[in-house]
Every structure is written in structure tokens, then in C-alpha cells.
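This report describes the fold and packing of one protein chain.

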Amino acid sequence: MTPVKSLVRNPVTQRHHTFTVIVRIPHGIGRRHRLLICIAPHPDGQLSKFTERLMMRALRFSRFGGPDVLHVTDLPDPVARHHCEAVIAVKSASVNPSDLKNVAGRMEGTSLPRTPGRDFSGVVVDGPPDWVNAEVWGTGGDVGFSRDGSHAEFLAIPATALARKPERLSFEEASVVGVNFVVGWLGTVEAARLTAWESLAVFGVSGGVGGAVAQIGRALGARVIGVDRVRPADDTPAASAIDAFVPLGGDPPDVGAQIKRLTTGKGADVVYDAVGGVTTPAALASLAHRGRLVVISSVGTRTAEIDLIDFYHNETQILGCDSRRLDVTQSGARLNLLRPFFDQGRFRPLPITGRYGLENGRDAYAALANGTRGRVVMCP
């Protein structure tokens, strides 16, 4: 905490002295901490100056690097302006791979210093009167990048971005939905326009996005084929959403041949490649005639070689989807579409395997960097 100092005149010596006293007092459960600053008492015991300021704790980074560049600091509480903004007391926030990349300087558009964190859930404490005390969830391609993120006690977002949390989900469960399901919905529903009775192959099905895509595909009535190095664990949502599994690791034609055998020789109508790069050749080999390939990332290599004659003969479509293009308001609109599926129990949040306090934020990021399977959350 940075002390606040002030010059005051000593009534006896007529000289200026600097005094600073800082006391932090809890200001109600789920509310802000009140920072009391009492400066320079008179000889008669009366305070010569009294100020107060609301402060919060936030995870912060001012340079790019590994988890060690993160530190907890005190920042002024955000304030909602003219009911066009809302302030949320963050109850839980997940740590995503994109958050780790952001801190490392591997994401575009991040200005420093910055509070990271894209996904969150919490309670509205300031803003439009009809939203105060509402339980909400959210995510956004701007949150944690061009505007301060969710790895803090409080978060300010536009009031238009507010989205009510599914009642069926806890705060922790709601906080791990955002990025994975929003980009899953963006690619499967909006870009590829998957329909009932079509086949969907999900590369990276055991990961966060892949597990979300598998559930979305099942809800739409598609036949879902999971593809990954490791089969989803039996108790995971992805395991219950897939109809078949193909191990990833052989030659691309072999993976494609297995998927075609599972689709009566046709191939997958939609391939959602949540890995990209090293998996692109296998993903292309798995497509049906006029199949749609959804690409959201690239691992291992930024380039892929395509046989253009095979490409146009197959009338293949390649669809790039970037959730970073969706700000917190646009993402909130997608979460409103997703909420009924969670309330009905048709979608389930991905398993949480790590829980950390804000003061252990570095450890949360380090756990993700070290390959922790499952979701990692911070509860300020």
C-alpha cells in the first residue's frame, strides 16, 4: 500500500511536518474496504486533517514476463458513472491460457500497467438501480487487455454488458464458462452453423474450448466425435457429450480415415479445431465434401500447407473465429443465449481443479503454466 502524505504546520514551531497514518477497516461483507487516512494531530489531540478513500486489491503487472511479474497492489475502487457503467464485486475469476499469454506479452492490444483476467462472476454493487445486488457473470476480449480485468476485488464494465448468472451455477462454476463457451458458440453456431444430424469432429476435445464445443454440438443434435491425445475423463462433461473418440498422434491421413469410418465414409460436416497449427493437416483430412473447418488458434506452427486442388475439389470452407473481437458487451449477449442451457442442466461447467486467493495469484498462473488439467479460479 502506498502511504498518502501531507504537509501541515506545527502551531508551536510554525514549521511544516509530514505525518501519515493509514488504517484499513472492513466496510461490510462483499463491499469495499474503507481506507482511513488520519494526518497530523494537533497538540490538543484534535485531528488537523481527515480524509477517506475507497481502495481495492488487484493483481497487477507493469511489464511482460512470467508469473513472477504479477503483484498484488492497492488501487482506487472503480465507480459507476451516470448509470452507464456497473461495478461488480468479483466473487470468482478463472485463469485462462490467454491470460497467461497476455501477461507474457504474447497477445496483441494490451496496454500497461494492467490488471489481467477475462472471465468473472460476482454481484453488482453500483450502477443501474435495477441491477444492484444482481448475481452476474461475464467475459470479454477487451477485459484484461485494453481495460482492467477480473483478477481484482472489483471490476467496472459497461452496464450494457451485464448478464445474469445461471441460478443453477455457483460463482466458481459460472466464472469458468466465459471464454470457452463464448468462442465455442461463436465457431459452432454462428460461423459453421452446425445443424441437427450433422457430424462434428472436435480436435482438442479434452481441453476447455473442446469440452464446451462438444456440449454445444450435442445440444444442437449433432453426432460428436472427440479427437485428442488423451480421452476425456469419464466424469467430465466432454466424456458424456461425445459419441466416439479418435486418438490424436498418428499421421493426418490416418486420423482422417478413422473419422471417415465413423461417418460411413463421408467425413465430418464440421471440424472444430481448438488446437490448430500441428493439427491442421489432420483436421483438413477429416472433412466431408463441403465441410467447414473452424480455426481459433495455432500451436507449434503458424503456417499450414494446403493442396489447393484437393481444397477446391472438396469445396472446403475454412472459418477463422477470434473471441478477442467480442468486447464485454458483445460477449455478454452470447452469455445470455447460453444461460438457459446451464439452467436446464444441458450444459455443465468444466471441472475446477485449482482454487487460489488473490494474494496467491502468482501461484494460480504458475499452476496453469505448469500444465494443470482442469480449470483454475481465483476468489478475491
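Leaving aside neighbours within four places in sequence, F342 is in contact with W137, P166, R168, L169, V177, F181, F347, R348 and P349. The model is a predicted one.

**Nonpolar core**

F342 is among the residues with the most contacts inside the largest nonpolar core, together with W137, F181, L200, Y272 and L338. This core has 38 residues. The elements that give two or more residues to the core are α3, β11, α4, α5 (237-241), β14 and α9 (328-343). In soluble globular proteins, nonpolar side chains tend to be buried together.

**The six-stranded sheet**

An open sheet of 6 strands runs in the order β13-β12-β11-β14-β15-β16, and its pairing is parallel. β13 (244-247) and β16 (317-320) stand at the edges; each has a single partner strand, so one side of each is left without a neighbour in the sheet. On average, neighbouring strands of this sheet are turned by 20 degrees against each other, direction ignored.

Within the sheet, strand β11 (residues 199-203) and strand β12 (residues 223-228) run parallel and are joined by 5 bridges. In this pair, A201 stands opposite I225 in β12. Helix α3 (residues 178-191) packs on the sheet, where it touches β14 (268-273), β15 (287-295) and β16. Helix α4 (residues 208-219) lies across β11, β12 and β14. The table lists the angle of each helix to one strand.

| Helix | Strand | Angle |
|---|---|---|
| α3 (residues 178-191) | β14 (268-273) | about 155 degrees |
| α4 (residues 208-219) | β11 | about 170 degrees |

**Helix α4**

α4 has 12 residues and reaches 17 Å from its first C-alpha to its last, close to the 16 Å expected at 1.5 Å a residue. The helix is mostly covered, with 10 of its 12 residues buried. Those buried residues are G208, V209, G210, G211, A212, V213, A214, Q215, I216 and G217. What covers them includes α3, β11, β12, α5 and β14. Just after α4, G221 takes a positive phi of about 90 degrees.

S121 is found in strand β8 (residues 120-126). Is S121 buried or exposed? Its relative accessible area is 0%, which is under the 20% limit, so S121 is buried. Leaving aside neighbours within four places in sequence, the contacts of S121 are A89, V90, K91, S92, V136, W137, F171, E172, A174 and S175. One of these, W137, is also in contact with F342.

**Cysteines**

A search of the whole structure finds 0 disulfides. C321 has a relative accessible area of 9% and is therefore buried, the limit being under 20%. C379 is partly exposed, with a relative accessible area of 26%.

**The chain as a whole**

The chain has 10 helices and 18 strands. Buried residues make up 49% of its 380 residues. Of the contacts in the chain with a separation of 6 or more, 64% are between residues 24 or more positions apart.

Technical notes: Residues are numbered from 1 along each chain as its sequence is written. This is a predicted model: local features need pLDDT of at least 70, side-chain atom pairs count only at pLDDT 80 or more; totals for chains, interfaces and linings use all residues. Side-chain values use heavy atoms; hydrogens and water are left out. A disulfide is a pair of cysteine sulfur atoms within 2.5 Å. Buried means under 20% relative accessible area, exposed over 50%, partly exposed in between (1.4 Å probe, protein chains only). Helices (H or I, at least four residues) and strands (E, at least two) are DSSP runs, numbered from the N terminus. Contact means heavy atoms within 4.5 Å. Two strands pair if DSSP finds at least two bridges between them. Axes are lines fitted to C-alpha atoms, for helices over the stretch in contact, and angles run from 0 to 180 degrees between N-to-C directions. A nonpolar core is a set of buried Ala, Val, Leu, Ile, Met, Phe, Trp, Tyr and Cys residues joined through side-chain atoms within 4.5 Å. The expected span of a helix is 1.5 Å times one less than its number of residues.
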